[in-house]
Amino acid sequence: MSNSDYKKPLPALEGLTQEFYGFCREGELRFQRCASCQAWRHVPREMCAQCGSMDWSWEASSGRGKLFTWTVAARPLHAAFADDAPYAPAVVELDEGVRLVTEIVNCKPVDLEIDAPVEVIFDAVTPEITLPKFRRTGL
Ligand SMILES: [Zn+2]
């Protein structure tokens, strides 16, 4: 798929965000982890919100978690989502404790359940951008 085929908004590849999506492009879900207090964090940022440390590293996530919450968009707010409606922007909580806004790919909004187990999949939507999405497991 070329860039021109994909019409939905994409993340701006800059700074730490570019590094995060670089891992996704390689099929790895990684989050920052504080070297001082070991807290995981997302979205990418320089300083730990728990202890203020600037020391951290990218650590591999298990890619497993649970559905924390979602909302159902019956009327899309962006034209590129028109064919998807109704769709459910979701928040997944990974086993590491970080939360990520994403999409559940194998489940209609009506079939979503709080705490449903999910695991990451990678969707290469353009040559540059691979989005981490999730599939519900145990169905
Ligand atoms: Zn910390």
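Colleague: What should I know before I start?
Modeller: The model is predicted, so local features need pLDDT of at least 70 and side-chain atom pairs count only at pLDDT 80 or more, while totals for chains, interfaces and linings use all residues. Residues are numbered from 1 along each chain as its sequence is written, and side-chain values use heavy atoms, with hydrogens and water left out.

Colleague: OK, how many aromatic pairs are there?
Modeller: The count is 5. Rings of Phe, Tyr and Trp (its six-membered ring) pair if their centres lie within 6.5 Å; planes under 30 degrees apart are stacked, over 60 edge-to-face, the rest tilted. Trp56 and Trp58 are edge-to-face, because their planes are at 90 degrees, with centres 5.5 Å apart.

Colleague: Is Trp58 buried or exposed?
Modeller: Buried, at 14% relative accessible area. Buried means under 20%, exposed over 50%, partly exposed in between (1.4 Å probe, protein chains only). Trp56 is partly exposed at 22%.

Colleague: And how do Phe81 and Tyr87 pair?
Modeller: They're stacked, since the planes are at 20 degrees, with ring centres 5.1 Å apart. Tyr87 is buried at 18%.

Colleague: Which residues form an aromatic cluster?
Modeller: Phe20, Tyr21 and Phe31 form one.

Colleague: Switching topic, where does the charged end of Arg99 sit?
Modeller: Over the ring of Phe68, 3.6 Å from its centre. That term needs NZ of Lys or CZ of Arg within 6 Å of the ring centre and within 35 degrees of the ring normal.
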